Amino acid sequence: MPGPLAPDPDSAALARDPEALAARLREASHEAAARPDAIRVVHAPGRVNLIGEHTDYNLGFVLPVAIDLGISVAIVPNDEGEVRLTLVETGETATFPIDDPGPKRNHWSDYVAGIAWAMGEAGLGPRGFDGVLASDLPQGAGLSSSAAISVVSAWALAGGDAPPVEPMGLVHVVRRSENGYIGLNNGIMDQFASIFGRAGHALLLDCRTEHHHDIPLADPDVALVACHSGSPRKLESSAYNERRAQCDAAVAAIATTDPWVTSLRDVTPEMLAEARPRLDPVVAARAEHIVFENLRVVDAVAALESGDLPALGRLFAESQASMRDLFGISSPELDALVDIATRIPGVIGARLTGAGFGGCTINLVHRDAVPALREAVLRDYPARTDLTPRVFEVQASDGARRLA
Ligand code: ADP
Ligand code: MG
């Protein structure tokens with residue numbers, strides 16, 4: 001007889017095991033037990049961003065990579081127009097009617113309800129489902145579990161297949177959920193990566209035109225390693241919104257002499273130098289980060305395409321210094337992780353990834369140096385911070401998809 005699931009601390013393995021996840025759904029749902037053939041399993045990945053931080057909402061360039069850590073949901077559509085979704089890890093179930101998800105509750109289910117609301121607004125006809133969710137993607141770590149849960153929810157609400165909208169349209173449905181329901185004024189990078197991911201590739205996105213281009217990660221000798229600082233990404237929306245406001249202030253000041261400037265995307269280093277005397281010093285520093293970070297993304301793509309690993313390493317170092325000194329989004333913990341990593345021979349580059357203030361670094365590492373990096377981080381980081389790090393070697397992976 002199906003019933004509530006007991007919490008399963010080892011649920012992460014189920015994110016990669018669609019058969020086992022479907023079995024949990026049959027344990028939890030009468031609907032699924034009665035109609036096992038109607039079960040679908042969908043998955044959406046997290047991401048790392050190689051370079052281009054806080055450039056997305058400044059309509060610049062980003063270079064994310066969807067990774068082989070993510071969130072999977074097994075579902076069976078129900079006819080009650082209700083979402084009944086259980087987290088395998090905790091056994092907790094969230095229930096709400098599709099046509100009236102109600103207000104935000106400051107709860108994980110907000111990400112599901114927000115997508116139901118945004119899909120409804122977009123005329124995408126979200127459907128109720130019984131589901132179970134398993135994740136091997138750390139939450140609040142800067143690997144974009146929020147985008148993964150949003151995107152996988154869209155697939156679940158579409159009956160376990162791609163939602164009936166072109167993929168860039170889905171990017172905007174997720175943004176609508178974040179802006180209009182969750183109350184976050186985010187850019188589009190995270191859900192873009194979770195939707196458009198491609199195995200073996202990074203994704204160059206121009207956040208103004210929304211043109212994008214897959215960049216092969218062709219060198220089999222280069223591994224991607226995410227190091228989790230163990231300090232949650234304290235993305236107090238205040239700090240994030242403050243950065244956004246400072247970028248807007250820079251645009252407003254520069255537009256007094258260059259009225260066609262509508263975002264920092266339009267600002268060259270020369271224009272910034274000219275405007276600097278009129279800018280508040282902190283605002284100028286924020287703008288300097290964005291203006292040069294955009295150039296670094298373009299340079300990083302060129303370096304990836306020509307296999308120039310030393311150039312990539314320099315760009316990572318410049319980006320990290322800029323995030324620390326100009327944009328103010330690093331932390332002592334992230335700085336320590338970068339410092340430990342860059343001392344290891346074979347580490348090509350290390351920088352924080354994602355919004356900052358905590359979370360993860362991304363490291364480009366010669367494959368034979370991965371064990372040395374892992375050992376150094378696990379040994380030296382706790383001594384320096386009193387925190388426990390986690391080290392994930394990740395693979396560039398496909399975006400949201402059906403697993404079964
Ligand atoms: P990040 O996107 O960097 O992981 P966020 O703070 O943006 O961090 O999003 C984390 C939030 O997403 C969690 O607090 C939770 O509400 C939701 N979430 C992510 N993964 C899960 C999961 N496996 N189960 C339930 N909620 C999740
Ligand atoms: Mg997030």
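**Ground rules.** I am reading a predicted model, in which local features need pLDDT of at least 70, side-chain atom pairs count only at pLDDT 80 or more, and totals for chains, interfaces and linings use all residues. Residues are numbered from 1 along each chain as written, chains are lettered from A and ligands numbered from 1 in the order written, and side-chain values use heavy atoms, without hydrogens and water.

**Rings.** I looked up the aromatic pairs and found three. Rings of Phe, Tyr and Trp (its six-membered ring) pair if their centres lie within 6.5 Å; planes under 30 degrees apart are stacked, over 60 edge-to-face, the rest tilted. Tyr57 and Tyr240 are edge-to-face, with 5.4 Å between centres and 65° between planes. Both are buried (under 20% relative accessible area; exposed is over 50%, partly exposed in between; 1.4 Å probe, protein chains only). I then checked Phe192 and Phe196, and both are buried.

**A charge over a ring.** I noted the charged end of Arg351 over the ring of Phe316, 5.8 Å from its centre. The rule here is NZ of Lys or CZ of Arg within 6 Å of the ring centre and within 35 degrees of the ring normal.

**Sheet.** I traced an open, antiparallel sheet of four strands in the order E10-E11-E9-E12. Strands are DSSP runs of E, at least two residues, and helices runs of H or I, at least four, numbered from the N terminus; two strands pair if DSSP finds at least two bridges between them. At the edges I found E10 (347-353) and E12 (390-394), each pairing on one side only.
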